[in-house]
Amino acid sequence: MMLKYKCLVLDHDDTVVQSMKTLSYPFWCLELEQFRPGVTMSLEDYILECHRVGFAEMCRERFHFTEEELKTEHKQWMEYILQNIPDPYPGIDRIIRRQKEEGGLICVVSHSHADNILRDYRTHFAAEPDAIYGWELEPHQRKPNPWPLEDIMKRFHLTAEEILVVDDMKLACQMAAPLGVRVAYAGWSGMGVESLSAEMEKICDYSFGTTQEFEDFLFV
């Protein structure tokens, strides 16, 4: 069977593993109480702001976090996530396995840390991505900057047509657009925010409501 895409570039949180509702938002509520006592934020608002500008920029723009506060928040998150492993979405393991079995590549471009991504892959899939581009990189090398895709193309000798980015947030579209790389919306993340889903369906090349739909698109 010929692979539809030689390389799948997967986001991690809320594309491969379920983290927003069960880990990152509850933790953020604790952090908000610590750094901005008395200030609250709804889950829907949190999702939309992360979608709009990303977590770190949300902290800077909306809550006026200093760089020192961001460093402290990140350190506490790293300690928290060491003790809390998110579950994968049902069916995502088959997609990763089949892509690898057919000789394809799995790369990860995420705002999670590479160590956590690697742990999750080893724990849930008994596999490792071919490359990981995480939060530990310099700011200009992180999504939504196109650098991770440029490096993947150079490193693995790929054209834009051979790559598919899979993500639940529009930062992926901003990363992929300058290079002409297609993007698939991971609609199975089930955030429950209709305006976000509608926007992603409009700006992405493909949209999939379930991992089964995505698997059928790739391999059947």
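1. Helix H10 spans residues 211-219 of this predicted model; helices are DSSP runs of H or I with at least four residues, strands are runs of E with at least two, and both are numbered from the N terminus. Its buried residues (under 20% relative accessible area, 1.4 Å probe, protein chains only) are Thr211, Phe214, Glu215, Phe217, Leu218 and Phe219. They lie on the same side of H10, because their arc around the axis is only 165°, the arc being taken from the directions from the helix axis to the C-beta atoms.

2. The buried residues of H10 pack against strand E1 (7-10), helix H5 (92-101), strand E6 (163-167) and E8.

3. An open sheet is formed by six strands with parallel pairing, in the order E5-E4-E1-E6-E7-E8; two strands pair if DSSP finds at least two bridges between them. Strands E5 (131-133) and E8 (206-208) are at the edges with a single partner strand each, so one side of each has no neighbour in the sheet.

4. Strand E7 (residues 182-186) runs parallel to E8 and is joined to E8 by three bridges. Tyr185 has Ser207 of E8 as its bridge partner.

5. Glu49 belongs to helix H2 (residues 43-53) and is buried, at 11% relative accessible area. Beyond its neighbours within four places in sequence, Glu49 contacts Met41, Gly54, Met58 and Arg62, where contact means heavy atoms within 4.5 Å.

6. Residues are numbered from 1 along each chain as its sequence is written, and side-chain values use heavy atoms, without hydrogens and water. As the model is predicted, local features need pLDDT of at least 70 and side-chain atom pairs count only at pLDDT 80 or more, whereas totals for chains, interfaces and linings use all residues.

Conventions:
Buried < 20%, exposed > 50% of the residue type's maximum accessible area, 1.4 Å probe, protein only.
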